[in-house]
Amino acid sequence: MSSKPHPPLMKKHSQTDLISRLKSRKILGVGGEDDDGEVHRSKISQMLGNEMKFAVREPIGLRVWILISAVGFTVMALMALVFPNQLYEVVFEEELSTINISIRLYGGALLSLALIMWNGLYTAEKIVIQWTLLSEACYFAVQFLVTSITLMEIGILPNAAMLLLLSRVLFLSCILL
């Protein structure tokens, strides 16, 4: 018997063949909508389900608080960047004798926190909202400490600074409760 040479085998590249991939996903039951209207990207996510189903409802004022914080942080950041001397004079009731680069750096830090707040406002992920509130709480705690130490070093107690300290304690307690 003579053996005929077989033609070379042609392999099908399923990664590049879109129709083949769609057929495979259809056989696996992945990619289409299920009874709840969800589209699963993999069999694992189909088996485990969506985390959003089990999410706890947000408190009523959470988004309002994050919006007010984002606006407040943005306004304070812009004031510190554009009018650093006036911002210092309002809080400590004395003129700034040193260069104002430190207040502008403070404004830059506030602007980055404001961006975190704006991101937390538009997200649906619980962990992002938690980290947003934690960063705000840390900011209020650090600002309270720095302002208190600065007032002790200066030896004066202006009304605007006292109002700032009381508001930071109030905001910090609202966030932590």
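These legends describe a predicted model, first as a whole and then in close-up.

Figure 1. The protein has 7 helices and 0 strands. From the N terminus on, its elements run α-α-α-α-α-α-α. Of its 177 residues, 25% count as buried. The protein exposes about 13400 Å². Carbon and sulfur atoms supply 68% of that area. Take the contacts between residues at least 6 apart in sequence: 55% of them join residues at least 24 apart.

Figure 2. The average pLDDT of the protein is 76. A score of at least 70 is reached by 65% of the residues. Which elements mark the two ends of the range in mean pLDDT? Helix 3, residues 62-82, has the highest value, 91. Helix 2, residues 43-48, has the lowest, 56. Where pLDDT is low, the predicted coordinates should not be read in detail.

**Figure 3. Four spans carry a UniProt annotation.** An unreviewed UniProt entry lists residues 62-83, 103-121, 128-150 and 156-176 under "transmembrane region". Residues 62-83 are 95% helix and 0% strand in the model. The C-alpha atoms at the ends of residues 62-83 are 31 Å apart. Residues 128-150 are 100% helix and 0% strand. For residues 128-150, the end C-alpha atoms lie 33 Å apart.

**Figure 4. Glu 136 is a buried residue of helix 6.** Glu 136 sits in helix 6. Is this side chain's residue buried or exposed? Glu 136 has 0% relative accessibility, so it counts as buried. The cut-off for buried is under 20%. Leaving aside residues up to four places away in sequence, Glu 136 touches Trp 65, Ser 69, Phe 73, Met 117 and Ile 175.

Figure 5. Trp 65 belongs to helix 3. Its relative accessible area is 22%, so Trp 65 is partly exposed. Beyond residues up to four places away in sequence, Trp 65 touches Leu 133, Glu 136, Phe 171 and Ile 175. Trp 65 and Ile 175 are 110 residues apart in sequence. Their C-alpha atoms are 9.4 Å apart in space. Ile 175 is also among the residues that Glu 136 touches.

**Figure 6. Arg 63 contacts a run of residues around Tyr 122.** Arg 63 lies in helix 3. Its relative accessible area is 22%, and Arg 63 is therefore partly exposed. Which residues does Arg 63 touch, not counting those up to four places away in sequence? They are Glu 58, Gly 120, Leu 121, Tyr 122, Thr 123, Ala 124 and Ile 129. Arg 63 and Tyr 122 are 59 residues apart along the chain. A distance of 8.9 Å separates their C-alpha atoms.

Figure 7. Asn 100 is partly exposed, because its relative accessible area is 21%. With residues up to four places away in sequence left out, Asn 100 touches Pro 84 and Asn 85. Asn 85 is 15 residues from Asn 100 along the chain. The C-alpha atoms of Asn 100 and Asn 85 are separated by 6.8 Å.

**Figure 8. Pro 158 is a buried loop residue.** Pro 158 is found between helix 6 and helix 7 (159-176). Its relative accessibility is 4%, so Pro 158 counts as buried. Glu 94 is 64 residues from Pro 158 along the chain. The C-alpha atoms of Pro 158 and Glu 94 are separated by 9.5 Å.

Figure 9. Five side chains are in view: Phe 144, Leu 145, Ile 149, Met 152 and Val 169. These residues make a nonpolar surface patch of about 480 Å². Which helix gives the largest share of the patch? Helix 6 (residues 126-154) supplies 4 residues. Met 152 is found in helix 6. Met 152 has a relative accessible area of 64%, so it is exposed. The cut-off for exposed is over 50%.

Technical notes: Residues numbered from 1 in each chain as written. Predicted model: local features only at pLDDT ≥ 70, side-chain atom pairs only at ≥ 80, totals over all residues. Heavy atoms only, no water. UniProt positions renumbered as here; feature names shortened; annotations may be inferred. Patch = residues over 30% accessible without salt bridge, like charges linked within 9 Å, V, L, I, M, F, W, Y side chains within 5 Å. Areas by Shrake-Rupley, 256 points an atom, 1.4 Å probe, with all protein chains shown as cover. Salt bridge = Lys/Arg side-chain N within 4 Å of Asp/Glu carboxyl O. Buried < 20%, exposed > 50% of the residue type's maximum accessible area, 1.4 Å probe, protein only. pLDDT = per-residue confidence, 0-100. Contact = heavy atoms within 4.5 Å.
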